[in-house]
Amino acid sequence: MCYIFNQKDENLQHDLRKRSFLKIALAGTLGLGMFGGGIVMASEKKPLQTASSKVVPEPENVLTPEKALERLMEGNKRHEAGLSIESPHKHTPKDAHMKGQNPYAAILGCADSRVGPEHCFDESHGDLFVARVAGNYITIDFLATLEYAVSVLHTPLIMVLGHEKCGAVKAAMDSINKNEQFEGHIQTMATALLPAVRAAKKIPGELYDNTVIMNVKLAVAELKKSTPIFNQLVKDKKLLIVGGVYRIGTGRVVLVT
Ligand SMILES: [Zn+2]
């Protein structure tokens, strides 16, 4: 069964309208990136830039996928230790940002207010390409967003970021365990996470935490095989797709894939 969540039939028209809007919006953004001088070609390999250097990543993301992951996790260590040096709130004019964007990592994360990726990884404007939805599950729209990051911006790393005490995961668990039905469109979110709950029920341990981890693992596995773009880049070792879980109590991101 495909893990990518499909809208129910009654929502299909709404979904199609949304996609049409996204298509138009992306076309505009693509135009800016490709023809507005957004991407600057790199003439040679440059050493890894660290967040402490206060310099945006090099053009064309010369970071390898492994170095990108290393930088991401180093930022999380600073965050966990209370030693963050970047401020996502502060606007610092940078010439490089006027020329375009060059994020070294794309994050598919939960919309939860406690897990803002720029905070969790101690990064600032221009560093991370972030797509967020409660429950960090995959839809066609999110695939398009992540493909844009990878294919157009050449971002070498995708991280699916779940988190401890995720309300969306709890809703999915209640949907199964208590046969609860949520009002409005909330059930759509809960339903999307049901495969993770069912898979987590088959393994020993605490169901809530296991479901959070399983939800991330399923999303990573699906991303790797979901589109020819990701599939080929992963095979060529030009793209790394990993999963992490943010521990709210400590601030640490634990890799789970
Ligand atoms: Zn959440």
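Asparagine 179 is exposed, with a relative accessible area of 61%. Here buried means under 20% relative accessible area, exposed over 50%, and partly exposed in between, with a 1.4 Å probe and protein chains only. The residue sits in the loop between H6 and helix H7 (186–192). Helices (H or I, at least four residues) and strands (E, at least two) are DSSP runs, numbered from the N terminus. Asparagine 179 has a positive phi of about 55 degrees, although it is not a glycine.

This is a predicted model, in which local features need pLDDT of at least 70, side-chain atom pairs count only at pLDDT 80 or more, and totals for chains, interfaces and linings use all residues. Residues are numbered from 1 along each chain as its sequence is written, and side-chain values use heavy atoms, with hydrogens and water left out.

Asparagine 136 also has a positive phi, about 35 degrees, and is not a glycine. It belongs to the loop between S2 and H5. Is asparagine 136 buried or exposed? At 2% relative accessibility, asparagine 136 counts as buried.

Which protein atoms are the donors of the zinc ion? They are SG of Cys110, NE2 of His163 and SG of Cys166, at 2.1 to 2.3 Å from the zinc ion. Donors are N, O and S atoms within 2.8 Å of the metal (3.2 Å for Na, K and Ca); water is not among the atoms, so sites may look incomplete. Along the chain, the donors follow the spacing C-x52-H-x2-C. Histidine 163 is buried, at a relative accessible area of 1%. Cysteine 166 is buried too, with a relative accessible area of 1%. Cysteine 110 counts as buried at 4% relative accessibility.

The UniProt annotation "binding site", from an unreviewed entry, covers Cys110, Asp112, His163 and Cys166. These positions are spread over 57 residues of sequence, yet they cluster in space, with a largest C-alpha distance of 8.8 Å. UniProt positions are given in the numbering used here, feature names are shortened, and annotations may be inferred rather than shown by experiment.

Cysteine 110 lies in the loop between strand S1 (105–109) and helix H4 (117–120). Contact means heavy atoms within 4.5 Å. Aspartate 112 is found in the loop between S1 and H4. It is buried, with a relative accessible area of 15%. Not counting residues up to four places away in sequence, aspartate 112 touches Arg132 and His163. Its side chain makes a polar contact with the side chain of arginine 114, at 2.7 Å. A polar contact is a pair of N or O atoms within 3.5 Å; within protein, one must be able to donate a hydrogen and the other to accept it, and residues adjacent in sequence count only if both atoms are side-chain atoms.

Next comes strand S1. It is mostly covered: 5 of its 5 residues are buried. Ala105, Ile107 and Gly109 point one way from S1, while Ala106 and Leu108 point the other way. S1 runs parallel to strand S2 (residues 128–132), joined to it by 5 bridges. Two strands pair if DSSP finds at least two bridges between them. Alanine 105 has leucine 128 as its bridge partner in S2. S1 also pairs with strand S3 (residues 157–163), in the parallel sense, over 4 bridges. There, isoleucine 158 is the bridge partner of alanine 106.
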